[in-house]
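Q: Can you walk me through this one? I'd like to start with the ligands.

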Amino acid sequence: MIIAVASGKGGTGKTTVATGLMLALRDSGHQVAYLDCDVEEPNGHIFLEPQCNESEDIYIEVPEIERDKCTLCGKCAELCAFNALLVTSADVIIFHELCHGCGGCRYFCPVQAVRPGQKKIGIIDRGTAGQAVFVRGELEVGTVLSPPLVNAVKKNQISRGVNVLDAPPGTSCPAVATVRGADFCILVTEPTPFGLHDLSLAAQMASSLGVPCGVVVNKAGDSRGLIENFCLQEGLPLLMKIPLSRTIAEAGSRGVPLNRAEAGWDQMLLNLYSDIEGLIMSERAYGNQR
Ligand code: SF4
Ligand code: SF4
């Protein structure tokens with residue numbers, strides 16, 4: 001089971017839900033892994049206090065030019081969709097920070113003047129949070145290419161049990177890389193016009209990836225049915241509401257998970273998981289009938 005926890009914008013409480021869900025599952029005896037795919041700003045460890053005992057550097061392949069072979073024909077620069085290469089009358093200049101590591105320039109160079117090099121894009125830390133598996137990625141400072149690191153984090157998913165993926169905020173490539181292939185996506189939002197706008201983008205992203213999703217409203221108060229109406233209109237299940245509560249907010253600011261902030265949340269989060277299981281099963285049953 002792979003559950004991605006995503007949000008159209010930052011600061012909605014995505015990590016609060018992801019870490020709370022993981023802890024509720026772990027403490028009720030499930031095998032569970034928490035994978036922090038928010039590689040630009042991982043912060044799940046603040047709530048989970050894991051013991052990490054393994055670190056791995058993650059690299060992507062970048063081109064290196066063999067100057068004695070290169071004829072300065074310009075084909076590699078023509079081909080590169082990311083403008084990572086510039087061929088002048090005297091040299092080939094590589095902008096490593098723009099390179100996506102697709103290998104196209106190496107493949108198409110007519111004289112095999114491009115050889116594979118490596119660029120570090122970040123690290124992965126592995127460990128445990130109690131009985132649960134904990135993995136997080138952290139992007140190298142100055143690197144913008146995060147999807148390969150997200151994919152490297154996802155390779156650590158457990159094959160039996162529940163994987164909770166804490167997605168980067170937004171709907172750009174790193175969020176897409178996280179949600180792609182999940183069994184379900186929890187969309188965390190707040191009941192404001194901005195929250196609604198970004199929720200609609202996140203719902204479109206999940207839908208275009210073919211991942212069923214449902215909504216959790218954080219800081220829920222009197223919002224005149226803003227999110228409720230959207231869910232009704234779009235046929236999205238409204239799975240849970242976390243009230244606008246000073247106790248929860250203060251606990252969060254001290255790195256205390258939702259489950260430890262107030263009594264009753266373990267059960268609420270287990271109910272959330274049961275609802276998700278039911279939705280996945282009905283989605284699969286419906287899919288089989290189609
Ligand atoms: S395609 Fe090969 S030979 Fe042509 S400029 Fe690029 S590296 Fe040099
Ligand atoms: S590996 Fe791909 S992205 Fe990088 S320079 Fe070559 S063609 Fe461009």
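Q: Take ligand 2. How do the residues of its shell divide into nonpolar, polar and charged?
A: There are eight nonpolar, three polar and no charged residues in the shell around ligand 2. Here Ala, Val, Leu, Ile, Met, Phe, Trp, Tyr, Cys and Pro count as nonpolar, Asp, Glu, Lys and Arg as charged, and the others, Gly among them, as polar. Keep in mind that this is a predicted model: local features need pLDDT of at least 70, side-chain atom pairs count only at pLDDT 80 or more, and totals for chains, interfaces and linings use all residues. Residues are numbered from 1 along each chain as its sequence is written, chains are lettered from A and ligands numbered from 1 in the order in which they are written, and side-chain values use heavy atoms, with hydrogens and water left out.

Q: Which residues are around ligand 2?
A: P63, C80, F82, A84, L85, C99, H100, G101, C102, G103 and C105. Each has a heavy atom within 4 Å of the ligand.

Q: And where does ligand 2 sit?
A: In the largest cavity. A cavity is a set of points, on a 1 Å grid over the protein atoms alone, where a 1.4 Å probe fits but cannot get out. To sit there, a molecule needs more than half of its atoms within 2 Å of the grid points.

Q: What about ligand 1, where does that sit?
A: Ligand 1 sits in the second largest cavity. Its surroundings include I65, C70, K75, C109 and V114. By class, that shell has nine nonpolar, two polar and one charged residues.

Q: Which residues lie on each side of β1?
A: I2, A4 and A6 are on one side, I3 and V5 on the other.

Q: What does β1 pair with?
A: β1 runs parallel to β8, residues 162-166, with four bridges. It also pairs in the parallel sense with β9, residues 184-189, over four bridges. Pairing takes at least two DSSP bridges.

Q: Zooming out, how many helices and strands are in the protein chain?
A: 11 helices and 11 strands. Of its 290 residues, 48% count as buried.

Conventions: 1 Å grid on protein atoms, 1.4 Å probe; cavity = no way out; pocket = protein on both sides within 12 Å on 5 of 7 lines; lining within 4 Å. Buried < 20%, exposed > 50% of the residue type's maximum accessible area, 1.4 Å probe, protein only. Helix = DSSP H or I, 4+ residues; strand = E, 2+ residues; numbered from the N terminus.
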